[in-house]
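Please keep the structure open beside them as you read.

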Amino acid sequence: TRALRPLFLLDTYYCHGVRRVARQILQSLLPIIDIVVLLLAFILFSSLLAFFLFLDIEDSVYFIDLWTSFVSLFILLTTANFPTVMMPVFKYYWWAPIFF
């Protein structure tokens with residue numbers, strides 16, 4: 001029962017404000033989960049498309065398989081390595097910036 005002691009603390013009369021905030025945080029998680037699932041589905045679809053579009057590029061290490069393309073596009077979402085991923089593809093396809 002030691003692990004459940006914080007829950008018993010929330011159940012007391014004096015912590016009704018904390019209980020209200022905890023309930024609101026739990027209720028706000030459902031819309032956040034919907035957005036995260038939608039974002040991951042979009043990245044999965046884009047990585048599948050990128051894998052098949054840019055499969056024949058020899059020196060690109062970002063689209064060699066589906067998992068690598070998913071991770072590359074997920075990191076690309078943060079724009080951390082945008083030129084590193086896009087420029088080898090842009091060298092072969094002029095229309096690659098439209099995809100990215």
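1. Helices here are DSSP runs of H or I with at least four residues, strands are runs of E with at least two, and both are numbered from the N terminus. On that basis the chain reads α-α-α-α-α along its sequence, with five helices and zero strands.

2. A word on the source: this is a predicted model, in which local features need pLDDT of at least 70 and side-chain atom pairs count only at pLDDT 80 or more, while totals for chains, interfaces and linings use all residues. Residues are numbered from 1 along each chain as its sequence is written, and side-chain values use heavy atoms, with hydrogens and water left out.

3. Do look at the overall dimensions. The radius of gyration of the chain is 22 Å, whereas a compact globule of 100 residues would have one near 13 Å (taken over C-alpha atoms; the globule rule is 2.2 Å times the number of residues to the power 0.38). Along the principal axes, the C-alpha atoms fill a box of roughly 65 × 25 × 20 Å.

4. Burial comes next. Of the 100 residues in the chain, 23% are buried (under 20% relative accessible area, with a 1.4 Å probe and protein chains only; exposed is over 50%, partly exposed in between). In helix H3 (residues 66-76), the buried residues are Thr-68, Ser-69, Phe-70, Ser-72, Leu-73 and Leu-76. Their cover includes H2 and helix H4 (82-92).

5. The largest nonpolar core has 13 residues (a set of buried Ala, Val, Leu, Ile, Met, Phe, Trp, Tyr and Cys residues joined through side-chain atoms within 4.5 Å). Phe-54, Phe-63, Leu-73, Val-89 and Tyr-93 touch the most other members. H2, H3 and H4 each supply at least two residues of this core, and the largest share, three residues, comes from H3.

6. Phe-63 deserves a look of its own. Leaving aside neighbours within four places in sequence, Phe-63 is in contact (heavy atoms within 4.5 Å) with Ala-50, Phe-51, Phe-54, Leu-55, Ser-69, Leu-73, Val-85, Val-89 and Phe-100.

7. Residues up to four places away in sequence aside, Ser-46 touches Leu-73 and Phe-99.

8. One last figure concerns contacts along the chain. Among those with a separation of 6 or more, 46% are between residues 24 or more positions apart.
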